[in-house]
Amino acid sequence: MLPNVRLATICDADVLSRLNHEFNGGVKRPVPEIIKCLNSNNEVVAVATLRDEVVGFGCAQSLKSFCYNEAYGEITEMYVKESARRNGVATALISFLESQLYYRGVKTVKILTGEDNRVAIKAYELSGYVKDDEVMLKKKL
């Protein structure tokens, strides 16, 4: 069975909270906060279903800078439940997010992931992404 991917709605907030907690750990995000983000954020949030069960999500953002002629995009989050992996869910989420970004004028998409996240890297490479030489630095404020 192929996964179905669609934009997340406020009806998905509870399952998004649970899946995000599986993915990121820490304190579970409150459903009202997720609903607020879904209603007001520039972020594209997609969910993937198998047999009518939400089994994964992906998030993306489009960004425009005066420095460049075109907007660029970033797939910022991607999670698929372990039990649903190897069913094309990640590939379907990536493709859906890319189409949403393209609709917003994006021609180039970035994805950041850990060097040791071999499973994710393989999924991204299967979708046509290639490693580049950029280095990510971060700082907590």
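Let me start with a definition: axes are lines fitted to C-alpha atoms, for helices over the stretch in contact, and their angles run from 0 to 180 degrees between N-to-C directions. You will need that in a minute.

A word on what we are looking at. This is a predicted model, where local features need pLDDT of at least 70, side-chain atom pairs count only at pLDDT 80 or more, and totals for chains, interfaces and linings use all residues. Residues are numbered from 1 along each chain as its sequence is written, and side-chain values use heavy atoms, with hydrogens and water left out.

Helices (H or I, at least four residues) and strands (E, at least two) are DSSP runs, numbered from the N terminus.

Now the helices. Two packed helices are described by the angle between their axes and the distance between the axes. Take helix α1, residues 13–24, and helix α2, residues 31–40. Their axes come within 9 Å and cross at roughly 110 degrees. That makes α1 and α2 roughly perpendicular to each other. The scale is this: under 35 degrees is roughly parallel, over 145 roughly antiparallel, 65 to 115 roughly perpendicular, and the rest oblique.

Which residues of α1 and α2 make the contact? From α1, they are A13, D14, L16 and S17. From α2, they are V31, I34, I35 and L38. Contact here means heavy atoms within 4.5 Å. By type, the residues of this contact divide into 6 nonpolar, 1 polar and 1 charged. For that count, Ala, Val, Leu, Ile, Met, Phe, Trp, Tyr, Cys and Pro are nonpolar, Asp, Glu, Lys and Arg are charged, and the others, Gly among them, are polar.

Stay with S17 for a moment. S17 lies in helix α1. Is S17 buried or exposed? S17 is buried, at 2% relative accessible area. The cut-offs are under 20% for buried, over 50% for exposed, and partly exposed in between, with a 1.4 Å probe and protein chains only. The S17 side chain reaches the backbone oxygen of R29 at 2.6 Å. Leaving aside neighbours within four places in sequence, S17 is in contact with K28, R29, V31 and I34.

Next, charges. Side chains of opposite charge can pair when their charged atoms come close. How many salt bridges does a search of the whole structure find? The search finds 6. A salt bridge means a side-chain nitrogen of Lys or Arg within 4 Å of a carboxyl oxygen of Asp or Glu.

Here are some of them. R6 bridges to D12, with the closest N and O atoms 2.7 Å apart. R6 is partly exposed, at 29%. D12 is buried, at 5%.

Then R18 and D14, at 3.1 Å from N to O. Both sit in helix α1, 4 residues apart, so about one helical turn separates them. R18 is partly exposed at 41%, and D14 is partly exposed at 40%.

Then E53 and K81, at 2.9 Å from N to O. This pair links distant parts of the chain, 28 residues apart. E53 is in strand β3, and K81 is in the loop between β4 and α3. E53 counts as partly exposed, with 40% relative accessibility.

On to another residue of β3. S62 lies in that strand, which covers residues 53–63. S62 is buried, with a relative accessible area of 16%. The side chains of S62 and R104 are joined by a polar contact of 3.4 Å. A polar contact is a pair of N or O atoms within 3.5 Å; within protein, one must be able to donate a hydrogen and the other to accept it, and residues adjacent in sequence count only if both atoms are side-chain atoms. Not counting residues up to four places away in sequence, S62 touches N42, Y72, G73, L101, R104 and V106.

Now the backbone. Most residues other than glycine have a negative phi, and most peptide bonds are trans. R51 is not a glycine, yet has a positive phi of about 50 degrees. Where is R51? R51 is in the loop between β2 (44–50) and β3. R51 is exposed, at 62%.

R86 has a positive phi too, near 70 degrees. R86 lies in the loop between β4 (72–80) and α3 (89–103). At 86% relative accessibility, R86 counts as exposed.

Last stop, N117. N117 is in the loop between β5 (108–111) and α4 (118–126). N117 is partly exposed, at 34%. N117 and L16 are 101 residues apart in sequence, and 22 Å apart in space, C-alpha to C-alpha.
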